[in-house]
Amino acid sequence: MRAAIYKFIRLNFPNGDMVGHTGDVNAVKLAVEAVDEGVGRIMDALKKTHGIMVCSADHGNADDMCELDKRPVRWCWMSRARLKPKTAHSLNPVPAIVYDPSGAANACLADLPGAGIANLAATCIMLLGFEPPEDYAASLVEVG
């Protein structure tokens, strides 16, 4: 087993956002599969090192690849055989996941209606064993 020598690692998988902007559905499928494989490897490593992962995203559009007409709701077609690709950011909600396979943090999810990406800084600070500054948005976890 590898030693856990780092207290904090920040990693960005830009695939869903950057490849999503191309509008190429096949490329996006490959990009998302690559992220899935990478996150799986990280999860396996965390099980061995008793690490914790806070996983989220800011935006993207791999989750929303085709344009819609809003009135009435229907797909926008470039031609009879091809949907019009959407290359702008989606506005869909983005979940945040705290993965602690060993239970090392002894953490429970906080009840925070309307929580979002702003809560991730305090969450990471608390999981590292520190108190976040008072002006930070609240942590997604309570550590006991």
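User: Leaving aside its neighbours within four places in sequence, with which residues is N119 in contact?

Analyst: When neighbours within four places in sequence are left aside, N119 is in contact (heavy atoms within 4.5 Å) with L112, A137, A138, S139 and L140. This is a predicted model, in which local features need pLDDT of at least 70 and side-chain atom pairs count only at pLDDT 80 or more, while totals for chains, interfaces and linings use all residues. Residues are numbered from 1 along each chain as its sequence is written, and side-chain values use heavy atoms, with hydrogens and water left out.

User: Why does N119 count as buried?

Analyst: The relative accessibility of N119 is 9%. Buried means under 20% relative accessible area, exposed over 50%, and partly exposed in between (1.4 Å probe, protein chains only), so N119 counts as buried. N119 lies in the loop between strand 7 (107–109) and helix 3 (120–127), with helices (H or I, at least four residues) and strands (E, at least two) being DSSP runs numbered from the N terminus.

User: What span is expected of helix 2, and what does helix 2 reach from its first C-alpha to its last?

Analyst: Helix 2 (residues 25–49) has 25 residues and reaches 36 Å, close to the 36 Å expected at 1.5 Å a residue. The expected span is 1.5 Å times one less than the number of residues. At the start of helix 2, a side-chain oxygen of D24 comes to within 3.1 Å of the backbone nitrogen of N26. Just after helix 2, H50 takes a positive phi of about 60°.

User: Which residues of helix 2 are buried, and against what do they pack?

Analyst: V28, A31, V35, G38, V39 and L46 are the buried residues of helix 2. They pack against helix 1, strand 1 (53–55) and strand 6 (97–99).

User: Why is K48 called exposed?

Analyst: K48, which lies in helix 2, has 52% relative accessibility and therefore counts as exposed. K48 and S102 are 54 residues apart in sequence, yet 9.0 Å apart in space from C-alpha to C-alpha.

User: What makes E37 and R41 a salt bridge?

Analyst: The closest N and O atoms of E37 and R41 are 2.7 Å apart. A salt bridge is a side-chain nitrogen of Lys or Arg within 4 Å of a carboxyl oxygen of Asp or Glu, and E37 with R41 is therefore such a pair. E37 and R41 are separated by about one helical turn, because they are 4 residues apart in helix 2. E37 is partly exposed at 47%, whereas R41 is exposed at 58%.

User: What separates K47 and D44 in helix 2?

Analyst: K47 and D44 are separated by about one helical turn, because they are 3 residues apart in helix 2. They form a salt bridge with closest N and O atoms 4.0 Å apart. D44 has 40% relative accessibility and so counts as partly exposed.

User: How many salt bridges does the structure hold, and what parts does the pair of K86 and D64 tie together?

Analyst: The structure holds 3 salt bridges. One of them joins K86 and D64, with closest N and O atoms 2.8 Å apart. K86 lies in the loop between strand 5 (82–83) and strand 6, and D64 in the loop between strand 1 and strand 2 (68–70), so the pair ties together parts that are 22 residues apart in sequence. Both K86 and D64 are buried.

User: Why does F13 count as partly exposed?

Analyst: F13 has 34% relative accessibility and therefore counts as partly exposed. F13 is found in the segment before helix 1 (15–18).

Methods
Polar contact = N/O pair within 3.5 Å; in protein donor to acceptor, adjacent residues only side chain to side chain.
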